[in-house]
Amino acid sequence: MAQVVNPIYDTVFKYLMQDEKVAKVLIGNILKTKVVSIQMNNNEYSALLPDGKKIFKLDFSATILDKSGKHQLVHIEVQKALEEGEIMRFRAYLGAIYMDQTKKYQETIKNSQNNAETIVEHPLPIHSIYILGHELGNGLQQSVMHGENIFKDQEGNIIQIPDNNDYINGLTHTVTFVIAPLTKQNVKTHLDRLLTIFSDTAPNSQLIELDEYYDDSDDYRTIMRVLQKASADKQLRGDLDLEQYAWNNQIKMERRAEELQGRIDKMGAQLSQKDAQLSQQEAQLSQQKDQLSQKDAQLSQQEAQLSQQEAQLSQQKDQLSAAIKALSVTSTAAQIAQILNISQQQVEEILKK
């Protein structure tokens, strides 16, 4: 077993892919083709995003053999992410490649009749490779998945598109997903054994142990030699320490943010509970106010009824007084009391007024 630096780190991955032989080995095996020549473009991108997601991108210009065995110039984009949630950023990178007017090559065509030469521009075919440190969901347990330009007619029959068809090949691209955590499961092929170098996706593991003779091939030995060389490179080890330091700090910040968010959520829940209690108390007060208002209305109604009764009694007194005074002209107090069925005393009191 050999202890080497972990290529899942951007620092090590770039060092690895800068080696032309390694780039040919990995990309050639992933794309299932022979890479004749390859060159890394100077437009790498590495970022540790505010949400803790870590992404890395490398671009290559390469000459590969097409299906017919002819040389074909292509653009190869390798993107690496250890956590989910970077689909839109991946799409943005891909969109930038499609918009890049420099992603083309020229071909000189000679006219067989007059030997006149014409320069024709072709769009570079695009191959995207995504190395992911996470799985893609239930039902997808393959460590490598290839997506190619497949077209069908109305009956569902596959149409073979020529490699030199600029219109269709220029508007589509091939894509390969490498699911790093699954590369050690069900290892069957040469490619499976090569990709096991990416299987350790833990951000706190700078060094990993690999079997130097896990795959007895020149390809595997080429990768192992460069990884061992990287492990002895002091500049790379220093850069790797800085990368891990930044990564660890980001993880600490994430955890602190999660703790703060937990506290905020707890306080929010408590405030919501208090709001609910206050709302309940307000509802009870409102109900009590309604009850008081109802009682006030009942008292007002009773007062109105009493006022009405008092008015009626006053009217009756006035009528009784008028009757007594009218009868007093011809009758005595005793006779008036007998006529009106009241006491003589009442009659006399009224007559005195």
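Author: Let's start with a term: a cavity here is a set of grid points where a 1.4 Å probe fits but cannot get out, and a residue lines it if it has an atom within 4 Å of a point. Keep in mind that this is a predicted model.

By this rule, the count comes to one cavity of 30 Å³ or more. The largest cavity has a volume of about 50 Å³. Who lines it? Phe-13, Met-17, Leu-26, Ile-27, Ile-30, Val-78, Ile-129, Ile-131 and Phe-198 do. Sort that lining by class and you get nine nonpolar residues, no polar ones and no charged ones. As for the elements behind it, α1, α2 and β8 each supply at least two of the lining residues, and α2 gives the most, with three.

Helix α1 covers residues 10-18 and helix α2 covers residues 20-31. In general, two packed helices are described by the angle between their axes and the distance between the axes. For this pair the angle is about 95 degrees, with the axes 5 Å apart. Angles of 65 to 115 degrees count as roughly perpendicular, and α1 and α2 are therefore roughly perpendicular to each other. On the α1 side of the contact are Leu-16, Met-17 and Gln-18, which meet Glu-20, Val-22, Ala-23, Leu-26 and Ile-27 of α2. By class, this contact has six nonpolar residues, one polar and one charged. Met-17, Leu-26 and Ile-27 belong to the helix contact, and these three also turn up in the cavity lining.

Lys-32 sits in the loop between α2 and β2 (35-40). Its phi is near 60 degrees, a positive value in a residue other than glycine. As a general point, most residues other than glycine have a negative phi. Is Lys-32 buried or exposed? With 64% relative accessibility, Lys-32 counts as exposed.

Now for the open space. The largest pocket holds about 690 Å³. It is lined by 30 residues, and the closest to its centre are Lys-67, His-127, Glu-148, Asp-163 and Thr-174. Elements that give two or more residues to this lining are α2, β4 (54-65), β8 (126-132), β9 (144-147), β11 (158-159) and β12 (173-179). Of these, β12 gives the most, with four residues. The lining divides by class into 13 nonpolar, twelve polar and five charged residues.

At 13% relative accessibility, His-127 counts as buried, since the cut-off for that is under 20%. Leaving aside neighbours within four places in sequence, His-127 is in contact with Leu-31, Ile-64, Val-74, His-75, Ile-76, Glu-77 and Thr-174. Thr-174, like His-127, is listed among the residues closest to the centre of the largest pocket.

The second largest pocket has about 370 Å³ of space. There, 18 residues form the lining, with Asp-66, Gln-72, Tyr-105, Asp-163 and Asn-164 closest to the centre. Asp-163 was also listed for the centre of the largest pocket.

Asn-186 lies in the loop between β12 and α5. Although it is not a glycine, Asn-186 has a positive phi of about 55 degrees. Its relative accessible area is 62%, so Asn-186 is exposed. Thr-201 is found in the loop between α5 (190-195) and β13 (207-210). With a relative accessible area of 23%, Thr-201 is partly exposed. Not counting residues up to four places away in sequence, Thr-201 touches Ile-8, Leu-82, Gly-133, Ala-180 and Pro-181.

Methods:
Residues numbered from 1 in each chain as written. Predicted model: local features only at pLDDT ≥ 70, side-chain atom pairs only at ≥ 80, totals over all residues. Heavy atoms only, no water. Axes fitted to C-alpha atoms, helices over the stretch in contact; angles between N-to-C directions. Parallel < 35°, antiparallel > 145°, perpendicular 65-115°, else oblique. Contact = heavy atoms within 4.5 Å. Nonpolar A, V, L, I, M, F, W, Y, C, P; charged D, E, K, R; others polar. 1 Å grid on protein atoms, 1.4 Å probe; cavity = no way out; pocket = protein on both sides within 12 Å on 5 of 7 lines; lining within 4 Å. Points joined across faces, edges and corners; volume = space filled by probe spheres on them. Buried < 20%, exposed > 50% of the residue type's maximum accessible area, 1.4 Å probe, protein only.
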